[in-house]
Amino acid sequence: MGRYDRRVAVITGAARGIGFGIAQRLASEGASIAILDLDETAAQEAAARLELTDGARAIGVGCDVVDAAAAEAAVQRVVDELGGIHVLVNNAGVTRDNLLFKMTEEDWDVVMNVHLKGVFNMTKAAQSRFVEQKYGKILNLSSVSALGNRGQANYSAAKMGIQGLTRTLGIELGPFGITANAIAPGFIVTEMTDATARRLKMEPEELQRLNAEATPVRRVGQPEDIAAAAAFLCSDEASFITGQTLYVDGGRKLG
């Protein structure tokens, strides 16, 4: 028996990177998976790559989490096709980095909408099902950037906002058998961090080396590191934990 046998998990922004890593980990423990992504083709291709256990299924669903109607429709499709929803991982995110004096209003709005409005929309769509069944696990992806990071005023504000939202969800939804927690990753090797390296005019390997040297455990993170933490926080073993943010950063923010 896997920890997620007969469970259905929805992961947003999961066609690649951390989201896909979480999807694969939960699938390996028995969950049926719905991968949501803005690009439905990419979501379907990612779902097809998952290694599932016997009896589990996976689907890819196109969804703009900023659109409340689209979020509701996506959750309903998951319920219809996979038979329910038990876990929601709000992972979808974007960056529009710039120093404050160069940051545009659009840069601010896009990041706020995807990270905060997107989490709000998806959580609201899922919580009605969770409340009815008196069971649900919500996991939101924050970031160490929530503690402040040069050139990321929008991203930092959004990621700290997610932590406040997570605490409030824990208070409001706990009486209905629902937990809500967050993970704040440090430097994780993904396509997004590779793009950051190139924007800084360096090779991804060089950026990884510099971050590893600045991290107490002397390495950078992999999507599997976040997936391992997610698998615990979304499981029944973590049923007495809610409203918390776990920093998974190799000790980077200790100093």
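Angles of 65 to 115 degrees between axes count as roughly perpendicular. The model discussed here is predicted. In this model the axes of α6 and α7 cross at roughly 100°, and the two helices are therefore roughly perpendicular to each other. The points below take up this pair, two further helix pairs, and then the pockets and the cavity.

**Helix pair α6 and α7**

- The axes of α6 and α7 come within 8 Å.
- On the α6 side, the contact involves Thr-193, Asp-194, Thr-196, Ala-197 and Arg-198; on the α7 side, Pro-204, Leu-207 and Gln-208 take part.
- Sorted by class, the contact of α6 with α7 has 3 nonpolar, 3 polar and 2 charged residues.

**Helix pair α3 and α4**

- Helix α3 covers residues 68–82, and helix α4 covers residues 105–133.
- Their axes cross at roughly 40° and come within 8 Å, and α3 and α4 are therefore oblique to each other.
- The crossing in which α3 passes α4 is right-handed.
- From α3, the residues in this contact are Ala-68, Ala-71, Glu-72, Val-75, Gln-76 and Val-79; from α4, they are Asn-121, Met-122, Ala-125, Ala-126 and Arg-129.
- The residues of the contact of α3 with α4 comprise 7 nonpolar, 2 polar and 2 charged.

**Helix pair α1 and α8**

- Helix α8 spans residues 223–233, and α1 spans residues 17–28.
- The axes of α1 and α8 come within 8 Å and cross at roughly 50°, which makes α1 oblique to α8.
- The crossing of α1 and α8 is right-handed.
- Helix α1 contributes Gly-17, Ile-18, Gly-21, Ile-22, Arg-25 and Leu-26 to the contact, where they meet Pro-223, Ile-226, Ala-227, Ala-228, Ala-230 and Ala-231 of α8.
- By class, the contact of α1 with α8 has 9 nonpolar, 2 polar and 1 charged residues.

**The largest pocket**

- The largest pocket holds about 1500 Å³ of space.
- It is lined by 49 residues, of which Thr-95, Gln-152, Tyr-155, Met-192 and Thr-193 are the closest to its centre.
- Two or more lining residues come from each of α1, β2 (32–37), α4, α5 (153–173), α6 (191–199) and α7 (204–213).
- Helix α6 supplies the largest share of this lining, with 5 residues.
- The lining of the largest pocket divides into 19 nonpolar, 20 polar and 10 charged residues.

- The volume of the second largest pocket is about 160 Å³.
- Its lining consists of Val-119, Phe-120, Thr-123, Lys-124, Gln-127, Leu-165, Thr-168, Leu-169, Glu-172 and Leu-173.
- The elements that give two or more residues to the lining of the second largest pocket are α4 and α5.
- The classes represented in this lining are 5 nonpolar, 3 polar and 2 charged residues.

**The cavity**

- The structure contains 1 cavity of 30 Å³ or more.
- The largest cavity has a volume of about 40 Å³.
- The residues that line the largest cavity are Thr-12, Val-65, Asn-90, Asn-91, Ala-92, Val-114, Gly-118, Val-119 and Met-122.
- Helix α4 provides the largest share of this lining, 4 residues.
- The lining of the largest cavity has 5 nonpolar, 4 polar and no charged residues.
- Met-122 lines the largest cavity and also belongs to the contact of α3 with α4.
- Val-119 lines the largest cavity and also lines the second largest pocket.

Methods. Residues numbered from 1 in each chain as written. Predicted model: local features only at pLDDT ≥ 70, side-chain atom pairs only at ≥ 80, totals over all residues. Heavy atoms only, no water. 1 Å grid on protein atoms, 1.4 Å probe; cavity = no way out; pocket = protein on both sides within 12 Å on 5 of 7 lines; lining within 4 Å. Points joined across faces, edges and corners; volume = space filled by probe spheres on them. Nonpolar A, V, L, I, M, F, W, Y, C, P; charged D, E, K, R; others polar. Axes fitted to C-alpha atoms, helices over the stretch in contact; angles between N-to-C directions. Parallel < 35°, antiparallel > 145°, perpendicular 65-115°, else oblique. Left-handed = near helix turned anticlockwise from the far one by under 90°. Contact = heavy atoms within 4.5 Å.
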